[in-house]
Amino acid sequence: MSHALHRHGTVEQLQNDYTFYARTSRYVNREGCGPKLRKILSIVLEEKSLVNFGSSHSGKSYEAGLNPEEYATTLDKAYGVAGCFSDKEAVRSILKKLKEADTGISIVISGLIDEVVKIAKDVGLKPHTAFLSLGVHGKRAVLPEDRVLEITTMCGHHQVGTRLTKAVVERVKAGKMTPEAGSHLLAQPCPCGIFNTRRSTAILASYRKEASAGSVG
Amino acid sequence: MRIDPDKCMGCMECADFCPVDCILERDGGAYIDEDECVECGVCARAGVCPNEAIYMPEEATQWPRVIRAQYSDPGVQHPAMNQGGRGTEEMKTNDVTGRFRRGEFGMAFEFGRPGVGTRMTEIEKVLKVLVAMDVELEQNNPVFLLVDDVKAGTLKPEVLREKVLSAILEFKIRDEQLEAVVKKLQPVLAELDTVVSWGLATRFAEDGTLPVRARLQALGVPARSNAKINMGMGRPIVEA
């Protein structure tokens with residue numbers, strides 16, 4: 001989860017990729033947080049462009065079969081709730097509702113800085129702290145191609161690996177798997193629910209399109 | 001993790017799920033290179049083994065190998081931190097903890113990310129440089145618990161060869177130290193035998209801007225266009 005600032009992709013691609021966290025602090029407000037987190041979860045679940053949600057404590061994400069009602073019962077003394085959205089209007093909508101709910105739980109949005117700051121101003125919020133990504137350093141030669149990183153970095157704890165991604169890409173390119181089915185499979189190892197399957201479907205579809213064009217040509 | 005050779009039928013369905021690609025084929029069956037395995041457990045949780053041949057051996061739960069799962073499986077809690085994941089609240093709760101204040105920057109090196117993993121030796125290389133500088137190491141962080149000698153910047157010798165999926169080294173600097181710290185660390189990171197995702201936590205200015213972005217650009221480490229942003233909705237809020 002500490003990795004969400006490093007989600008790989010161009011500005012254009014990241015316009016459809018926002019992650020959300022409600023995070024309790026073990027030093028300040030985790031005790032008795034259950035009702036507040038359940039309120040936050042209900043607000044998140046109302047959004048139509050919610051793609052996925054979960055938390056490491058739940059062991060699996062919505063894409064992997066997490067039941068929202070059962071999940072809600074696990075939120076006492078929890079770290080928080082996480083999820084991802086495919087458009088910025090959903091971020092605007094939940095921030096408005098969360099401001100009215102005033103739970104006092106820390107809320108973090110990961111996405112394009114300028115877009116998130118503008119939304120915050122629009123809804124009357126004052127962003128507090130930013131966690132900026134200064135990129136990947138060190139032995140960069142071992143990294144896979146950018147489009148693979150665009151998929152694998154969507155898992156906050158890198159449970160979605162390069163080999164699985166490449167295997168799914170090959171199946172999609174060969175027409176043996178749809179981009180949607182590929183995305184669903186890729187999302188299985190990520191328990192936190194910030195793996196954006198709508199974005200990964202678009203990336204897989206781009207591979208499929210290229211493969212089709214190549215076979216025609 | 002380990003694969004029971006008596007149960008494995010050699011289908012290799014598990015191999016694709018390994019985030020560090022250490023499940024190999026041998027004698028018609030799958031086996032795990034246990035020196036490279038980070039004990040994340042993804043292979044077993046994938047549920048693709050028809051004979052349930054994948055398991056965590058007892059020694060993976062013993063010190064020092066036990067740190068592999070703690071730093072690789074988000075469902076395993078870090079001892080003393082009382083939380084899973086990467087074990088740090090970093091800036092997610094900064095609006096209520098005041099961990100990073102105006103005039104300060106938080107820095108976080110996530111070793112092994114994305115997707116490579118790291119030996120603890122690589123963390124020690126950077127730690128030794130940091131302790132010779134005037135920085136404040138974050139103590140409420142799982143990596144700090146592995147420090148052997150904080151003045152020398154050494155980790156406990158028995159953990160050095162352990163491999164994990166990722167581990168985050170966190171520290172804090174004063175505003176005026178930024179340029180010197182970045183210039184000192186860039187060549188150190190470049191020589192590592194793994195990758196490091198570099199993060200910098202900063203308070204927004206009163207007018208909602210992030211003045212540090214221009215300084216980072218000038219230093220040759222420009223901030224990406226996306227970031228994590230604490231929206232300032234925690235209460236009671238720490239404004240300083």
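**Conventions.** I am working with a predicted model, in which local features need pLDDT of at least 70 and side-chain atom pairs count only at pLDDT 80 or more, while totals for chains, interfaces and linings use all residues. Residues are numbered from 1 along each chain as its sequence is written, and chains are lettered from A and ligands numbered from 1 in the order in which they are written.

**Chain B, overall.** I looked up the secondary structure and found 6 helices and 13 strands in chain B, where helices (H or I, at least four residues) and strands (E, at least two) are DSSP runs numbered from the N terminus. The C-alpha atoms fill a box of roughly 65 × 40 × 35 Å along the principal axes. Of the 240 residues in chain B, 47% are buried (20 or more other C-beta atoms within 10 Å of the residue's own, with C-beta atoms placed from the backbone).

**Domains of chain B.** I noted domain 1 (2-62) and domain 2 (78-219), with bounds from an automatic or database domain assignment. Their centres, taken over C-alpha atoms, are separated by 32 Å, and 5 residues of domain 1 are in contact with 5 residues of domain 2 (contact: C-beta atoms, placed from the backbone, within 7 Å). The domain 1 side has 4 nonpolar, no polar and 1 charged residues; here Ala, Val, Leu, Ile, Met, Phe, Trp, Tyr, Cys and Pro count as nonpolar, Asp, Glu, Lys and Arg as charged, and the others, Gly among them, as polar.

**Contact of B with A.** I then turned to the two chains, where 68 residues from chain B meet 69 residues from chain A. Among the elements of chain B that each supply at least two residues are α5 (178-190) and β13 (226-230), but the largest share, 9 residues, comes from β12(B). By class, the chain B side has 32 nonpolar, 21 polar and 15 charged residues. I also checked strand pairing (at least two DSSP bridges): β4 (residues 106-112) of chain A and β13(B) pair in the antiparallel sense over 5 bridges, with A:Gly111 opposite B:Ala227.

**A helix pair in chain A.** Lastly, I looked up α4 (residues 88-101) and α5 (residues 113-122) of chain A, which pack at an angle of about 35° with their axes 10 Å apart; axes are lines fitted to C-alpha atoms over the stretch in contact, and angles run from 0 to 180 degrees between N-to-C directions. The residues in contact include A:Val91 and A:Leu95 of α4(A) and A:Ile119 of α5(A), and by class the contact has 3 nonpolar, no polar and 4 charged residues.

Methods
A residue is buried if 20 or more other C-beta atoms lie within 10 Å of its own, exposed if 12 or fewer, and partly exposed in between; C-beta atoms are placed from the backbone.
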